[in-house]
Amino acid sequence: MIITKKSLDRRTVLKGMGAAVALPLLDAMVPAMTASTATPARPVRRLGYVFIPMGSDTKRWTPPGDDDLQELSPILRPLAPHRDAVTVVTNMELQNAYPGTHATSNSAFLSCAKAKLTESSDYYLGTTVDQIAAREIGQETPIPSLELGMDILEVVGQCDDGFACVYQNNLSWSSPTTPLPYEAHPRKVFNRLFGEGSPEERGRALRKKASLLDRVRNDVARLRHELGAGDRTKVDQYLDSVREVERRIQIAEAGAADRALPDMERPAGVPPAYADHVRLMFDLQVLALQADLTRVISFQLAREGSTRSYHEIGVAEPHHPLTHHGNNPEMVAKVARINEYHVSLFAYLVERLKATPDGEGTLLDHCAYLYGSGMGDPNKHDHINLPILVAGGCDGRLKGGRHIRYEDRTPLANLHLTLLEKAGVRMDSFADSNGKVEELLSI
């Protein structure tokens, strides 16, 4: 670590055995920056994508009003405290997701491309929007993009009506033939963000059971001596967050040996409760964005076709079979309950972003997260009227508290193209786009 009293480099890293901790944006870093880099007054912009499986109950998802978001729908109620930072976009479609499968719902969400019908390794899709963003806004960060999920990936071959499992397993593709597997294990994500040295060195450090922050204690002490009071507070709060995430990972790992029958949809060594696992993965995203380790994130909140049950909210039946409800009111209500539960978990991320300082604002002010599904009505397996919303301010380029309702079906690619532009990535078109979301461009 190199520190001068004049300025602190934006890429200053606290180092110790098997550990490297990047820092959030500090006032002491401003003199070292140029017009092309981030400052408190000119922060970087980030893009995030959260995928939910199997659509939603449209009636309980869609807000009742137009133009503003004064009244939320039942499924969106968990976002009430953050209404001013949320925009719901209604009547978006994924035409290239047809013939209407779980595989294409997943694969088209970020690509808006038609998947090649194959059960073999000659799969073909399209470059996803997150990877287009990563090529532009992710090249200045240690990790150009972060791909995360919640479930283990043991399925191969054919998964859904003749489509290879690769389409259902991966949200992000860096090229039409290159899927990017996601990581579901919090420890592996943590080590990718904060690990240093060879795998053997990281392993030795981990086996010593010492906290990552204990390994960088000397650098922390030297850094605090060089900083002003405000920056010391920022660093302390950030490092407290790192330590808390690490503590929760350690608790989950310690308890793994006591669980005789593992959940087959959950990797070993993660929190036994689904919500705890999700929140931990969201907290890792916040840390990654705060330290500018990455600016592009994709997250599969649950796998398309998931048979996960949600006993914690009173839904004992598996999710996927419930979505084939045949308009049975009781089953539809349970699907809506799952939808609302997923939104409540996303609301946790929004709250964390809102509570995390970033320059002269917060992370929520300086990012845009798209949340939604590649399927509309799961009972029909259609790809129209998708449940889609955007949260965040993207450095003042997005205004929330709105409901944009299209009269005609509109390609989801239009929204992807618009968010790319808001993040500083200029493109004339993306996939099957036929324009941009003008209501967002007017900001």
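# Helices, sheet and aromatic rings

Visitor: To which strand does helix H2 run at about 165 degrees?
Guide: Helix H2 (residues 102-111) lies across strand E3 (46-51), strand E11 (296-300), E14 and E15; contact means heavy atoms within 4.5 Å. Helices (H or I, at least four residues) and strands (E, at least two) are DSSP runs, numbered from the N terminus. Angles run from 0 to 180 degrees between N-to-C directions of axes fitted to C-alpha atoms, for helices over the stretch in contact. The strand at about 165 degrees to H2 is E3.

Visitor: What pLDDT do local features need in this predicted model?
Guide: Residues are numbered from 1 along each chain as its sequence is written, and side-chain values use heavy atoms, leaving out hydrogens and water. In this predicted model, totals for chains, interfaces and linings use all residues, side-chain atom pairs count only at pLDDT 80 or more, and local features need pLDDT of at least 70.

Visitor: Is H5 roughly parallel or roughly antiparallel to H10?
Guide: The axes of H5 (residues 186-194) and H10 (residues 274-290) come within 10 Å and cross at roughly 10 degrees. Angles under 35 degrees count as roughly parallel, over 145 as roughly antiparallel, 65 to 115 as roughly perpendicular and the rest as oblique. That makes H5, relative to H10, roughly parallel.

Visitor: Which strands stand at the edges of the eight-stranded sheet?
Guide: The open sheet has mixed pairing and the order E4-E16-E5-E15-E14-E3-E11-E6; strands pair if DSSP finds at least two bridges between them. Two of the strands have a single partner each, so one side of each lacks a neighbour in the sheet. These are E4 (67-68) and E6 (146-148).

Visitor: What is the bridge partner of Gly372 in E15?
Guide: Strand E14 (residues 367-372) runs antiparallel to strand E15 (residues 388-391), and four bridges join them. In E15, Gly372 has as its bridge partner Ile388.

Visitor: How many residues apart in sequence are the parts tied together by Phe51 and Phe109?
Guide: Phe51 and Phe109 form an edge-to-face pair, 5.2 Å centre to centre with 65 degrees between the planes; rings of Phe, Tyr and Trp (its six-membered ring) pair if their centres lie within 6.5 Å, and planes under 30 degrees apart count as stacked, over 60 as edge-to-face and the rest as tilted. Phe51 lies in strand E3 and Phe109 in helix H2, so the parts tied together are apart in sequence by 58 residues.
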